[in-house]
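Here are some notes to read alongside the model, written as numbered points. Please keep the sequence and the 3D view open as you go through them.

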Amino acid sequence: MKKIPKTNAMRILDQAKIAYRIQSYEFDKPDHDYGLSVAKLLHQDPSRVFKTLITQTADHHIYVFALPVLCELDLKKGARAVNEKSLTLVPVKEIFSLSGYVRGGCSIIGMKKNYPTVFHDSALSYDTVFFSGGKIGIQLEANPQELISLLNATSADIIRLKRSKD
């Protein structure tokens, strides 16, 4: 097994003494079902595999949301969770400049700045959840309550609807 280089997310978890497991996978072509594909490659329940979405307000305040890969962010619920009037998703071309990560490898941990972060409340029903390790092909598994504490994050009902698992 080849050695996986440490990512910013891993270094931050190490520094905070938060236990995590590394899961790697080979994936050639990210598509619209990237998150579901990752869950299948890891042989994990998609409800435990979380994606990272970056949003902004009209005056460019940034907020980060972590939610299961089969779910969609309800922007109205998200705005309420962060006490804003409205939110929009950040355009893909701006993800790297805001986070330091590429689409498909955007981790909730280790972004360029510490943005306010909200987890979908389902995360709290699991001992561990999976999330991007900061690089395509790397997922980390850790305790969601420890992640929320590390990030000074909150949790809320932020999803709109669930897609089929097939």
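1. Just after helix H2, His43 takes a positive phi of about 55°. Helices and strands here are DSSP runs numbered from the N terminus, with helices being H or I of at least four residues and strands being E of at least two. This is a predicted model, in which local features need pLDDT of at least 70 and side-chain atom pairs count only at pLDDT 80 or more, while totals for chains, interfaces and linings use all residues. Residues are numbered from 1 along each chain as its sequence is written, and side-chain values use heavy atoms, with hydrogens and water left out.

2. Helix H2 itself covers residues 34–41, and because six of its eight residues are buried, it is largely enclosed by the rest of the structure. Buried means under 20% relative accessible area, exposed means over 50%, and partly exposed lies in between, using a 1.4 Å probe and protein chains only. The buried residues of H2 are Tyr34, Gly35, Leu36, Ser37, Val38 and Ala39, and what covers them includes strand S8.

3. Strand S8 (residues 138–142) runs antiparallel to strand S7 (residues 129–132), and four bridges join the two; strands pair if DSSP finds at least two bridges between them. The bridge partner of Phe131 is Leu140, in S8. Five residues lie between the strands of this hairpin, in which Gly134 takes a positive phi near 100°.

4. How many disulfides does the model contain? The count comes to zero, where a disulfide is taken as a pair of cysteine sulfur atoms within 2.5 Å. The sulfur of Cys71 is 18 Å from the closest cysteine sulfur, that of Cys106, which is too far for a bond. Cys71 counts as buried, at 2% relative accessibility, and Cys106 is also buried, with a relative accessible area of 9%.

5. His120 has its place in strand S6 (residues 117–120), and with a relative accessible area of 7% this histidine is buried. Leaving aside residues up to four places away in sequence, His120 touches Phe50, Ala66, Leu67, Pro68, Ala156, Asp157, Ile158 and Ile159, where contact means heavy atoms within 4.5 Å.

6. The side chains of His120 and Ser122 are joined by a polar contact of 2.8 Å. Such a contact is a pair of N or O atoms within 3.5 Å; within protein, one must be able to donate a hydrogen and the other to accept it, and residues adjacent in sequence count only if both atoms are side-chain atoms.
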